[in-house]
Amino acid sequence: MPSSVVSLSPLSTSSLAPRPSTATPGQQAYIGENPVVVHPRRGRATSNLNDLESFAEKKVEEMTRTLDRLKYVHVKSEADKLAKQLFQSARRALGFLEGLGQLHPFASGVVKAVSIVVNQECQRHENDAHIAIVHTSMLKTVFHLRFLNHGNSTSYDGELSLNEVMEVLCKNMVGTIHSFGAFVDMYHTHWQRTVKFIFSHEHKRKLEQFGEEFDQLRREMDDIYKSKMQIQLTTAVANTTEILNILRFSDPNTQLLAQLALRRDGNDGGPRTDKAVIEKVAAHMKEKVTHTMLNALDKDYNELVQRHTPRYRMKCQSIEASIESKRRVIRIQEGHFELIQDEELQRLWTDFAAIGDIIDEDGSGYISALELDTFLKSEQRCLPHWTKPQWFAFWASGWHNNNAWYHDKIEQMMQSLPHALQRTRRDPHDTQWEIVTKMLLPLKSLLLVMGNDESHGANESDVPHQLLDLQQEFREREERAISDRLREFGSHLGDRTSIVTVVGDSRIELHIMPLIYILATSLTQLTTKVVNQRQRNAEDMCEIEALVMSCITLFVAFDGRLRDLSRGWRLEAKDIGMQVDRYADGLFKKYYAKPWVFHKAYDDLRRCIVEDEHELPLHLRPVMRTQLSAPMDAVATLSRRVEALEARLHPFSTFARKFKGVFQRMKAKTAELRGEVGGDDQRASATGSLPY
């Protein structure tokens, strides 16, 4: 039995009745996002739960069939597609589990944990088939809780109740699910193919361990059902280890590098500590060897997982905080301000309806009551001691002024970086520092993508001192909060969820400028420190690379936010250019107008990490360039062709210049000869004889 699972002896309990819904009979309640009509006689939100269970059961059966197909797939791209299908089926089965968690409170923690893990995996651009197999085992184990709604529990004096026994098991299950989620998040955080390949044996061993733990939990659940509820089940637990061993994908890199894995399990660390081997693997994987890669491979695998667990815990807390309920839609153009409950805010709303652009999270032109309530109560968007007029004044003008202030400060810092790098001692053998130097140079364009060129350099003398005080107070508070989270989470922001966790808000555009300012400040200070060092510290180099990767992640998240907004505006048949010009005070305007300018900086950074013809993982690739910069891509292609043609014509132009000189000398000589001939003609005409 896995150590993280507590042994449960089959003990008896009193009967457990489903928890009644808070809705009155005849009203509509919700299980998760699924409407449930409350039965007028029973008064319970269970009338639709059976339908949800039937639907979820079909999804679990779909997962089983997909898993069977996966056994016979030997091409990785096809396996990844089936993995995506497994996660989508799992996500659609969550509705029933959410309802089950409401009826059985001791199971709610399990449902919440599994929902976070499944939803995070569904949001990833790339899925791994091996991870999908264990995900299937996890969901089937959690789905086994459905038998709580079947049969009646028996109770005996002096024995623990069903609730108490299941509470212990569910706590074990929550711990296992969170540990599995942290492992998966760590796996995706260290996305370099070189790291994944060298750690592949450890990854597989860890997946087998989690598969065994989920299978054991399901067996213990069967024992409880048998002893407590008199339900006899035939446990058919799939052998996760066997399925993992069946998967064999034809990967040329794996075949070429198989001999390098022979010493992996040795006490000396094998290829993990052999830099020559790492360089060979990276060369085959078309990746550059960075300090971050070497640092990860130098760590003990279990230590790597343990160090990532607090980061994952912070992510989970951030995801839980962003869960939203059903919305009441208010059309801001129609001015239904009477639906706003705060009387002071209701009066101000009639005069400052334009502030709705800041509150309108999806840019739809609608504001829900939840959006307004969330905006007012969010600690990241409003200081608790501010009055409503102060709140309006800041978000109507002060926030925009703060962004201009941050933009100017970031620009000044980025301009100082090249001068600092020029003072560095050049060492032709220090390839890692060369990579870091090339990373730092394109950052200026990437970090100044946010904002509108027309809005920078705000003159503080034109701003009332009361508003200046609000701006400074908000800046100091926000910078302090983001810095504290960064210290706890770490400076490496690997995905959008990491950004949301650090800024404490799902609307990253509201806080992206102070976050960039903090990262740029750390980057400038650290670069100055490294430049002045006689011998560079490896940890400092890793920190610089982490900050640069965080800047790339921010750029991609900014790009993705504009993509999502544009999709909504397009569906509503709105002029996207006009919406971009208005939304969030034109924060996206510069990027929308000329995305190709900033993608050049992105491409320069990408080439520092992977070979020229290769891309970063999908979650680190901007997508707006494929939609908006097609004309410029054509121009760039034509420009490259012209450059290639000029290179091919260069020898001919050199020959032409040489020939031109010879020709000019021949022409001069000819003119000279003609002059001599002209003189002879004149003499001949005088004597009446010919010159020859």
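Q: Among contacts in the chain between residues at least 6 apart in sequence, what percentage join residues at least 24 apart?
A: First the ground rules: this is a predicted model, so local features need pLDDT of at least 70 and side-chain atom pairs count only at pLDDT 80 or more, while totals for chains, interfaces and linings use all residues. Residues are numbered from 1 along each chain as its sequence is written, and side-chain values use heavy atoms, leaving out hydrogens and water. A contact means heavy atoms within 4.5 Å. Counted that way, the share joining residues at least 24 apart is 77%.

Q: What percentage of the 692 residues is buried?
A: Using a 1.4 Å probe and protein chains only, buried is under 20% relative accessible area, exposed is over 50%, and partly exposed is in between. For the chain's 692 residues, the buried part comes to 48%.

Q: How many aromatic pairs are there?
A: Rings of Phe, Tyr and Trp (its six-membered ring) pair up if their centres lie within 6.5 Å; planes under 30 degrees apart are stacked, over 60 edge-to-face, and the rest tilted. Go through the model with that rule and the number of aromatic pairs is 22.

Q: What kind of pair do the rings of Trp391 and Phe392 make?
A: Their ring centres are 4.9 Å apart and their planes stand at 75°, so the pair is edge-to-face.
Both residues are buried. The name for the Trp391 and Phe392 arrangement is therefore edge-to-face.

Q: The charged end of which residue sits over the ring of Trp405?
A: To qualify, NZ of Lys or CZ of Arg must be within 6 Å of the ring centre and within 35 degrees of the ring normal. Phe489 has Arg311 over its ring, 4.0 Å from the centre. Over the ring of Trp405, at 4.1 Å from its centre, sits Arg475.

Q: How are H1 and H3 oriented to each other?
A: Axes are lines fitted to C-alpha atoms, for helices over the stretch in contact, with angles from 0 to 180 degrees between N-to-C directions. H1 (residues 49–70) and H3 (residues 94–103) pack at about 140°, axes 8 Å apart. Under 35 degrees is roughly parallel, over 145 roughly antiparallel, 65 to 115 roughly perpendicular and the rest oblique. H1 and H3 are therefore oblique.

Q: In what kind of crossing does H17 pass H22?
A: The axes of H17 (residues 388–422) and H22 (residues 512–531) come within 10 Å and cross at roughly 20°, so the two are roughly parallel. Residues that meet include Trp405 and Tyr406 in H17 and Tyr517 in H22. A crossing is left-handed if the near helix is turned anticlockwise from the far one by less than a right angle, and right-handed if clockwise. For H17 passing H22, the crossing is left-handed.

Q: Lys286 is found in the loop between which helices?
A: Lys286 has a positive phi of about 60° although it is not a glycine. Its relative accessible area is 32%, so Lys286 is partly exposed. The loop holding Lys286 lies between H11 (275–284) and H12 (291–298).

Q: Which residues does Thr497 touch, not counting those up to four places away in sequence?
A: Thr497 is found in helix H21 (residues 496–503). At a relative accessible area of 16%, Thr497 is buried. Leaving out residues up to four places away in sequence, Thr497 touches Gln120, Lys315 and Ile319.

Notes. Helices (H or I, at least four residues) and strands (E, at least two) are DSSP runs, numbered from the N terminus.
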